[in-house]
Amino acid sequence: MPPREAATRELGQGMDRIRIVGGTKLNGIIPIAGAKNAALPLMIASLLTPETLVLENVPRLSDVRMLKRILGNHGVDVTVAGKRPGMSTEDGEDVRLTAAHIVDTVAPYELVSQMRASFWVVAPLLARMGQAKVSLPGGCAIGTRPVDLLIMALEKLGADIEIDAGYVIAKAPNGLKGAEITFPKVTVGGTHTALMAAVLARGTTTIHNAAREPEVSDLAECLVKMGAKISGIGTSDLVIEGVTSLHGATHRVLPDRIEAGTYAFAAAMAGGDVTLEGIEAKHLQAALDKLVESGAEVTSTETGIRIRRNGTPIKAVDVTTEAFPGFPTDLQAQFMALMSRANGTSKIVETIFENRFMHVQELARFGAKIRLDGDMAIVEGTGALKGAPVMATDLRASVSLVIAALAAEGETMINRVYHLDRGFEGLEGKLSRCGAQIERIRG
Ligand code: UD1
């Protein structure tokens, strides 16, 4: 059994399937959860201080549960606050993380191989304890995802790094030292790593070509609440003035722009009128612009973003994935699902990850006509898709199948939905409340 499947079973999710009967328009309100990609680095930042970091609005996802276990292994006390009056099941959790004593600076293969982001513990462990031994990561099977740039950043900060038997062994017995770090390409994980290491380094660090993703800014803002000195937040040049220690803080995880974009595309594809509650347009402007070009109506409301498409055909639109503020790679598969029903042919270019096209063969089962040419997918829209048995392959690919199934005629059975549980909280509930015919079959 592959490691993730074994871990998934251990987390009690089994091999659930999702059954969807397509063809119903979506109408209603979808509350957007806290962002997985912000929650994970924020939780990891708790390793930087012996005091308590309280994170509000943490999504209930299997990746979050896995990271709680990984942090627990290092000695972090993780507690979840009980429900309070007025809280709904849609509200995220309040998680308290206290790393009073770090008892272990080793992050073993069995844990890190489940989730790539857990590799980022290397930075706070090194910054606070002067050493870390972390297994090379696993994660979604979307091409080779090296960590060379993360290692480069730590070396610039004075760490001594060795790779031995699948482990990165990092040492800085006399602490880290501020430095100039220039990333040759934009890397979210590299920027998170450099930030978490630099906040406790001696002197000034400048990160050039830093990722500008909102989740990077969310981490930086939380670090500032913990006592870090960071300027340039939201830009591609971050300047960090190292401090000797950080303290506890309370921080609310920002809303998940990828979850929001996914439901936006779902509404545009199936048709209907959906308000995505709690999300700001500026966090997914590139995706919303493409939606408008494709013929959907997008408006900002007081509570979020409203997406409508009633009867107008879907226009074919070309997309190239880019680092923020460009079109996110994490919405590429979902956009491809939408384009598979467009009037005309669209070109989708993936520039961030090689091989991030596993969804193509599954979308083909619905009758989608997609041809691959290197890093480009050429999608010839068809008027109608037909439900089919399909297999979830990775997190974002899986949800593109959900979107296609909602708009397809007849029944779709999606197998291996544990991938979805890594990134989409309460997916069936949120969609069925908008009128979708969707149910989980426990396996
Ligand atoms: C994060 C997100 C992921 C998203 C991606 C890009 C989390 C938990 N995951 O992943 O959902 O799709 O950003 O927006 O936040 N690279 C190197 N060397 C390195 C590091 C990265 O070559 O050391 C390359 C990668 O292979 C990729 C590109 O840089 O081609 C961007 O990757 P990166 O931004 O680091 O992605 P992640 O942080 O892993």
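How many aromatic pairs does a search of the whole structure find? The count comes to 3. Keep in mind that this is a predicted model.

Let's look at two of those pairs, both of which involve F265.

| Aromatic pair | Arrangement | Centre to centre | Between the planes |
|---|---|---|---|
| F265 and F327 | stacked | 6.3 Å | 5° |
| F265 and F335 | edge-to-face | 5.4 Å | 65° |

So where do these rings sit along the chain? F265 belongs to helix α9 (residues 257-270), while F327 is in the loop between β18 (319-320) and α11 (332-339), so their pairing ties together parts that lie 62 residues apart in sequence. The other partner, F335, is in helix α11, and its pair with F265 links parts of the chain 70 residues apart.

In soluble globular proteins, nonpolar side chains tend to be buried together. Here, the largest nonpolar core has 82 residues, and those touching the most other members are L48, L176, L195, V199, L223, I230 and L246. Helix α2 (residues 36-45) is the top contributor to this core, giving 7 residues. Take L223 as an example: leaving out residues up to four places away in sequence, L223 touches A45, L48, L195, V199, A228, I230 and L246. There's also a second, separate core of 69 residues, including L338, V360, L385 and A404.

Notes. Residues numbered from 1 in each chain as written. Predicted model: local features only at pLDDT ≥ 70, side-chain atom pairs only at ≥ 80, totals over all residues. Heavy atoms only, no water. Core = buried A, V, L, I, M, F, W, Y, C linked by side-chain atoms within 4.5 Å. Buried < 20%, exposed > 50% of the residue type's maximum accessible area, 1.4 Å probe, protein only. Helix = DSSP H or I, 4+ residues; strand = E, 2+ residues; numbered from the N terminus. Contact = heavy atoms within 4.5 Å. Phe/Tyr/Trp six-rings, centres within 6.5 Å; stacked < 30°, edge-to-face > 60°.
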